[in-house]
Amino acid sequence: MESCPSVKNILVLDSEGKRVAVKYYSDDWPSLSSKQAFEKSVFAKTHKTSARTEAEIVMFDSYIVVYKFIQDLHFFVTGGDDENELILASVLQGFSEAVDLLLRNKVHKKTALENLDLIFLCLDEIVDGG
């Protein structure tokens, strides 16, 4: 039986790997420390890549992570290892384009922090409970 595609989390980190906006949709990371450890590991694995023009895909700790960098922000969408990468990439593309529109093409950490309410609204709207 086919199941509905699901997203485990969406992360927006800065150029040093610090949280800007994150939303977890699953209990795979039950504690704050496990979430922060995952974010740190994902950032360490991806920050040296050049995912500026197109989204990149990486297998990481039995998860598929699709990511893209815009200015000094790093966008990540995580799914299970059996998830369709194209679906995850579509979520990433939709979310990053929505943030770009909401921030009026000024996708920087400072602007993102000033408009955090809009980014969290976007996170809530783009994925319905995972």
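Is lysine 110 buried or exposed? With a relative accessible area of 60%, lysine 110 is exposed, where exposed means over 50% relative accessible area, buried under 20% and partly exposed in between (1.4 Å probe, protein chains only). The structure is a predicted model, in which local features need pLDDT of at least 70 and side-chain atom pairs count only at pLDDT 80 or more, while totals for chains, interfaces and linings use all residues. Residues are numbered from 1 along each chain as its sequence is written, and side-chain values use heavy atoms, with hydrogens and water left out.

The structure holds five salt bridges, a salt bridge being a side-chain nitrogen of Lys or Arg within 4 Å of a carboxyl oxygen of Asp or Glu. One of them joins lysine 110 to glutamate 114, with the closest N and O atoms 2.8 Å apart. Both residues belong to helix α3 (residues 109-114), and because they are four residues apart there, about one helical turn separates them. Helices (H or I, at least four residues) and strands (E, at least two) are DSSP runs, numbered from the N terminus. Glutamate 114 is exposed, at a relative accessible area of 51%.

A salt bridge also links lysine 8 and aspartate 28, whose closest N and O atoms are 3.4 Å apart. Lysine 8 lies in the segment before β1 and aspartate 28 in the loop between β2 and α1, so the pair ties together parts that are 20 residues apart in sequence. Aspartate 28 is partly exposed, with a relative accessible area of 31%. The side chain of aspartate 28 also makes a polar contact of 3.1 Å with that of serine 26. A polar contact is a pair of N or O atoms within 3.5 Å; within protein, one must be able to donate a hydrogen and the other to accept it, and residues adjacent in sequence count only if both atoms are side-chain atoms. Serine 26 is buried, with a relative accessible area of 15%.

In another salt bridge, glutamate 39 meets arginine 19 (2.8 Å, N to O). Glutamate 39 lies in helix α1 and arginine 19 in strand β2, so this pair ties together parts that are 20 residues apart in sequence. Glutamate 39 is buried, at a relative accessible area of 3%, whereas arginine 19 is partly exposed, at 33%.

The buried residues of α1 are Phe38, Glu39, Val42, Phe43 and Thr46. Seen down the helix axis, they fall within an arc of 130 degrees, so they line one face of α1; the arc is that of the directions from the helix axis to the C-beta atoms. The face turned away from this buried side carries the exposed residues Ser33 and Lys40.

Threonine 78, in strand β5, is buried at 0% relative accessibility. A polar contact of 2.7 Å joins its side chain to that of asparagine 9.

The largest nonpolar core has 24 residues, of which Val7, Ile10, Phe75 and Phe95 touch the most other members. A nonpolar core is a set of buried Ala, Val, Leu, Ile, Met, Phe, Trp, Tyr and Cys residues joined through side-chain atoms within 4.5 Å. Helix α2 gives the most to this core, with five residues. Apart from this core lies another, of 16 residues, among them Leu13, Phe38, Val58 and Tyr63.
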